[in-house]
Amino acid sequence: TVGRQLFKACAPFRASVLELDAVYKSIVGKSLIEDHGLFVDAAPDSKDPLGDPWPIALTLPSLTLLQLALVDALAAAGVRPDVVVGHSAGETAVLSASGSASKFMALEIAIARGRAMALVEEAKGTMAAVNCSPEDAQKFIDETHAELGEGVLQIGCYNTPGAVTLSGAETHIDLAVAKATAAGVFARKLKTRVPVHSKMMGLCDTEFNKLVAEVFARHKVTAPTVETWSTMTGGLFEQPFPSSYFWDGTIGPVRFTEAMEAMAAKHKAM
């Protein structure tokens with residue numbers, strides 16, 4: 001809804017979207033706007049022809065395009081970042097927002113990631129948001145494994161000290177959500193068929209690294225020019241991004257809590 005409103009009312013946002021969409025179309029052969037209806041108004045009760053959830057090959061480029069256009073719109077208003085940090089798919093836009101590479105490279109990375117991750121969509125995996133500490137989440141994980149066996153189920157995202165995202169096999173996610181709910185903990189299965197930040201992503205390892213490496217070979221990447229905090233490492237990131245960064249951040253957990261706490265500690269000390 002916000003994206004649709006900005007596309008209508010904010011000229012810099014619209015211009016950036018159209019510029020990025022032209023790049024998307026040159027690579028994929030279709031437009032996110034014209035062919036897939038991104039930012040196009042639809043009837044409130046109409047069924048999305050792309051399904052729910054969207055295919056990951058569309059979701060990731062769409063998210064990155066939105067984020068990159070927001071950065072451009074804010075810059076047009078004189079708002080530029082002093083510090084940048086991403087979260088999961090948001091790490092792709094950080095490549096550009098940090099000054100390390102162009103927004104066009106960031107979009108290409110999102111396209112490559114989406115194409116590779118599509119290989120995992122039929123593996124019967126998913127994710128779930130759970131409002132509890134990592135320690136309590138591990139208890140639900142252990143209880144689930146004790147009941148169902150050692151299917152993939154792990155903490156995929158450390159969002160806050162009191163909220164995590166679980167990732168893994170759908171059977172295990174469903175039971176973990178049920179156990180958390182029974183214990184009075186808010187838990188909700190997410191609308192995704194891709195268990196990002198879990199071992200199940202190993203199914204797309206070869207294709208992911210191949211496609212992302214091809215994008216890196218076509219573009220220049222430098223060290224960040226804006227202070228950048230990595231949710232792959234959990235700390236300050238000051239070197240040029242290697243292509244392996246995006247794979248490590250896809251199969252490994254999102255260390256958002258760690259990065260934010262380190263960032264806050266540094267700036268509090270200053």
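**Ground rules**

I number residues from 1 along each chain as its sequence is written, and side-chain values use heavy atoms, with hydrogens and water left out. Because the model is predicted, local features need pLDDT of at least 70 and side-chain atom pairs count only at pLDDT 80 or more, while totals for chains, interfaces and linings use all residues.

**Entry 1: the cores**

I looked up the largest nonpolar core first. By nonpolar core I mean a set of buried Ala, Val, Leu, Ile, Met, Phe, Trp, Tyr and Cys residues joined through side-chain atoms within 4.5 Å. Buried is under 20% relative accessible area, exposed is over 50%, and partly exposed is in between (1.4 Å probe, protein chains only). This core has 34 residues. Leu95, Met105, Ile109, Met117 and Phe208 touch the most other members. Two or more residues each come from helix H3 (56-76), helix H4 (90-97), helix H5 (103-117), helix H8 (205-218) and helix H9 (244-251). My helices (H or I, at least four residues) and strands (E, at least two) are DSSP runs, numbered from the N terminus.

I also noted a second, separate core of 20 residues. Phe13, Val17, Leu38 and Leu107 are among them.

Which residues does isoleucine 109 touch? I find Thr92, Leu95, Val212, Val215, Phe216 and Phe246, not counting residues up to four places away in sequence. Contact here means heavy atoms within 4.5 Å.

**Entry 2: H5 against H8**

I took this pair next. The angle is about 165° and the axes are 8 Å apart. Axes are lines fitted to C-alpha atoms, for helices over the stretch in contact, and angles run from 0 to 180 degrees between N-to-C directions. H5 and H8 are therefore roughly antiparallel. For the wording, under 35 degrees counts as roughly parallel, over 145 as roughly antiparallel, 65 to 115 as roughly perpendicular, and the rest as oblique.

H5 and H8 cross in a right-handed way. A crossing is right-handed if the near helix is turned clockwise from the far one by less than a right angle, and left-handed if anticlockwise. On the H5 side I list Met105, Glu108, Ile109, Ala112, Arg113, Arg115, Ala116 and Met117. They meet Glu207, Phe208, Leu211, Val212, Val215, Phe216 and Arg218 in H8. The contact has 10 nonpolar, no polar and 5 charged residues. In this count Ala, Val, Leu, Ile, Met, Phe, Trp, Tyr, Cys and Pro are nonpolar, Asp, Glu, Lys and Arg are charged, and the others, Gly among them, are polar.

**Entry 3: H3 against H5**

H5 also packs on H3, with axes that come within 7 Å and cross at roughly 160°. That makes H3 roughly antiparallel to H5. The crossing is right-handed. From H3, I note Ile56, Ala57, Leu60, Pro61, Thr64, Leu65, Leu68 and Asp72. Their partners in H5 include Lys103, Ala106, Leu107, Ala110 and Ile111. By class, I have 11 nonpolar, 2 polar and 4 charged residues in the contact of H3 with H5.

Asp72 came up again. Its C-alpha is 9.2 Å from that of alanine 15, 57 residues away in sequence. Alanine 15 lies in helix H2 (residues 11-28). It counts as partly exposed, at 46% relative accessibility.

**Entry 4: H6 against H7**

Helix H6 (residues 134-148) and helix H7 (residues 170-182) pack at about 125°, with axes 9 Å apart. That makes H6 oblique to H7. I read the crossing as right-handed. H6 brings Phe140, Glu143, Thr144, His145, Glu147 and Leu148. H7 brings Thr171, His172, Leu175, Ala176, Lys179 and Ala180.

Beyond four places in sequence, isoleucine 141 contacts Leu153, Gln154, Ile155 and Leu166.

Threonine 126 is in strand E2. It is buried too, with a relative accessible area of 1%. Its contacts outside four places in sequence include Leu166, Ser167, Lys189 and Pro195.

**Entry 5: positive phi**

I found serine 88 with a positive phi of about 55°, although it is not a glycine. Serine 88 sits in the loop between strand E1 (83-85) and H4. Lysine 124 has a positive phi near 60°. Its loop runs between H5 and strand E2 (125-130). Lysine 124 counts as exposed, at 64% relative accessibility.
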